[in-house]
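Subject: A helical model for you to explore

Hi there,

I am handing over a structure for you to look at. Please open it beside this email and keep it in view while you read.

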Amino acid sequence: MSFWESLGWMLWATVFVGYLFALFAIVADLFRDHKLSGGLKAVWIFFLLFLPILTALVYLVARGDGMTERSNKAAREAESAAESYIREVAGKSPSEEIAAAAALLEAGSISEEEFAALKLKVLS
């Protein structure tokens, strides 16, 4: 195999990997879009199977702006769900922890130094 053949294969491999990335992004965007009907999604998938490169280019031109918006919205929703889950699992908020420690201090169950250590731990 000559140098130019190897270079050609590397170029085609790079183009193919790029196409796969675009294809996966398009399919993910199709199923992420709740405003698009199921029939239109099926049409896009059909054309992606039988005229892949042309359909990918048309999709990116026609619906490319919305892809970013839908992707950002999905990322915000995922982040919000993760934060909600963490709060649920973690239990009390920092202000609730400090209030509970203050109640223990007032009751005499802990000393001033222990209260300061608990407060520092909660705030860090």
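First, some ground rules. This is a predicted model, in which local features need pLDDT of at least 70 and side-chain atom pairs count only at pLDDT 80 or more, while totals for chains, interfaces and linings use all residues. Residues are numbered from 1 along each chain as its sequence is written, and side-chain values use heavy atoms, with hydrogens and water left out.

**Helix H1**

Let's begin with H1, which covers residues 3-32. Helices here are DSSP runs of H or I with at least four residues, numbered from the N terminus. How far should the 30 residues of H1 span? At 1.5 Å a residue they should span 44 Å, and the end C-alpha atoms of H1 are 43 Å apart, which agrees. The expected span is 1.5 Å times one less than the number of residues.

Which residues of H1 are buried? They are Tyr19, Leu23, Ile26, Asp29 and Leu30. "Buried" means under 20% relative accessible area, "exposed" means over 50%, and "partly exposed" is in between, using a 1.4 Å probe and protein chains only. The buried residues of H1 pack against H2 and H3.

Val15 also lies in H1, but Val15 counts as partly exposed because its relative accessible area is 45%. Val15 and His34 are 19 residues apart in sequence and 30 Å apart in space, C-alpha to C-alpha.

Two packed helices are described by the angle between their axes and the distance between the axes. The axes are lines fitted to C-alpha atoms, for helices over the stretch in contact, and angles run from 0 to 180 degrees between N-to-C directions.

H2 covers residues 38-50, and its axis comes within 10 Å of that of H1, crossing at roughly 165 degrees. That makes H1 roughly antiparallel to H2. The words work like this: under 35 degrees is roughly parallel, over 145 roughly antiparallel, 65 to 115 roughly perpendicular, and the rest oblique.

H1 passes H2 in a left-handed crossing. A crossing is left-handed if the near helix is turned anticlockwise from the far one by less than a right angle, and right-handed if clockwise.

On the H1 side, the residues that meet H2 are Tyr19, Leu23, Ile26, Val27, Leu30 and Phe31, and their partners in H2 are Lys41, Trp44, Ile45 and Leu48. Contact means heavy atoms within 4.5 Å. By class, there are 9 nonpolar residues, no polar ones and 1 charged. Ala, Val, Leu, Ile, Met, Phe, Trp, Tyr, Cys and Pro count as nonpolar, Asp, Glu, Lys and Arg as charged, and the others, Gly among them, as polar.

**H1 with H3**

H3 takes in residues 52-90 and packs on H1 at an angle of about 55 degrees, with the axes 8 Å apart. This makes H1 oblique to H3. Residues making the contact include Tyr19, Ile26 and Asp29 of H1 and Pro52, Arg63 and Arg70 of H3. This contact has 11 nonpolar, 2 polar and 4 charged residues. The crossing of H1 past H3 is left-handed.

Pro52 lies in H3 and counts as partly exposed, at 28% relative accessibility. Leaving out residues up to four places away in sequence, Pro52 touches Tyr19 and Phe47. Pro52 and Tyr19 are 33 residues apart in sequence and 9.1 Å apart in space, C-alpha to C-alpha.

Arg63 also lies in H3. Is Arg63 buried or exposed? At 17% relative accessibility, Arg63 counts as buried. Its contacts, again not counting residues up to four places away in sequence, are Asp29, Asp33, Leu36, Trp44 and Arg70.

H4 has 14 residues, 94-107, and reaches 20 Å from its first C-alpha to its last, close to the 20 Å expected. Just after H4, Gly108 takes a positive phi of about 85 degrees.

The axes of H4 and H5 (residues 112-123) come within 10 Å and cross at roughly 175 degrees, so the two helices are roughly antiparallel to each other. Their contact has 9 nonpolar, no polar and 3 charged residues.

Happy exploring!
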